[in-house]
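Here's a quick briefing to read with the structure open beside you. Take a look at the fold, then work through the points below.

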Amino acid sequence: MTRRTSPSDVDDETYHFLLPYLALSPEHAPQRKYPLRDVLNALLWMSRTGAQWAYVPHDFPPPEIVRSQAQRWFAAHCFENAVHDLRLFTRVQQQRGGEPTAIIVDSRTLQSTPESGHRAGYDGAKRRKGPNVHLVVDTLGHLVTLMTSPAHEQDRAQVFDLCREAQEITGGMLEVAFVDQGYTGQATQEAARQSNIELVVVKRSDASRGFVLLPRRWVVERSLAWLSRFRRLGRDLERLSSTLIGFHFVAACVLMLAKIRPFLG
């Protein structure tokens with residue numbers, strides 16, 4: 001029986017673009033019982049709907065097949081590699097340098113679940129228990145890297161690792177990082193400088209009231225809003241941090257592919 005298509009399914013051009021990143025073994029390998037495309041579509045359906053693994057519809061491959069294949073993709077950084085290449089393509093297409101020289105850093109706290117385990121710290125300011133997800137994006141809002149930490153840990157404590165990883169990913173091209181007032185402090189500045197990055201704190205005016213569009217800062221806020229369209233990222237539903245990070249890269253990949261879709265045909 002032919003499976004009914006889902007709005008989250010990939011089209012032919014998108015699938016052929018992603019296939020080299022996802023084919024960890026030959027597409028028609030003898031041990032493969034289910035088409036790779038069907039497994040991918042099931043994972044994208046999970047990302048969009050936020051359903052539990054056991055509730056994957058019966059016309060997709062079995063949940064244990066989808067879950068195990070997703071873990072292999074995440075461990076091999078398949079979607080992460082695709083996001084990096086898509087970022088390069090998009091920047092060149094917009095007549096920018098292939099790698100950014102400036103980034104914007106921010107975090108958000110996900111609501112914990114029983115799956116969160118040790119990641120579920122308590123953020124007293126936001127009055128929420130869960131993990132923090134720290135995002136690094138370029139000035140176009142494209143994901144560069146991310147990491148997780150318990151919510152009770154300060155954002156500034158993650159600056160050293162974030163800057164070091166972002167600098168490594170971009171080949172040492174980064175010069176400046178725009179952050180909010182949660183990253184103030186001399187120690188935070190020194191942590192960024194160890195990766196040759198200057199930390200610039202974008203402050204909100206004391207006289208401002210209500211919503212204010214802050215220079216540079218709005219870019220990462222928009223990226224967070226884009227990611228919130230994927231219900232799997234609405235709460236911390238994963239046992240492993242690598243799975244939570246992997247789903248973020250899946251979402252980022254889908255968003256970037258939608259932008260370049262006219263160029264894939």
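Helices (H or I, at least four residues) and strands (E, at least two) are DSSP runs, numbered from the N terminus. By that count, the protein chain has eight helices and six strands. This is a predicted model, where local features need pLDDT of at least 70 and side-chain atom pairs count only at pLDDT 80 or more, while totals for chains, interfaces and linings use all residues. Residues are numbered from 1 along each chain as its sequence is written, and side-chain values use heavy atoms, leaving out hydrogens and water.

**Overall layout**
- Starting at the N terminus, the elements go α-α-α-α-β-β-β-β-α-β-α-β-α-α.
- The C-alpha trace spans about 65 × 45 × 35 Å along its principal axes.

**Two packed helices**
- Helix H1 (residues 12-22) packs against helix H2 (residues 36-49) at an angle of about 100°, and their axes are 11 Å apart. (Axes are lines fitted to C-alpha atoms, for helices over the stretch in contact, and angles run from 0 to 180 degrees between N-to-C directions.)
- H1 and H2 are therefore roughly perpendicular (65 to 115 degrees).
- On the H1 side, Asp-12, Tyr-15, Leu-18, Leu-19 and Leu-22 meet Leu-36, Arg-37 and Leu-40 of H2, with contact meaning heavy atoms within 4.5 Å.

**A pair of strands**
- Strands E5 (residues 176-179) and E6 (residues 198-201) run parallel, joined by four bridges; pairing takes at least two bridges found by DSSP.
- Val-176 sits opposite Glu-198 in E6.

Conventions
Parallel < 35°, antiparallel > 145°, perpendicular 65-115°, else oblique.
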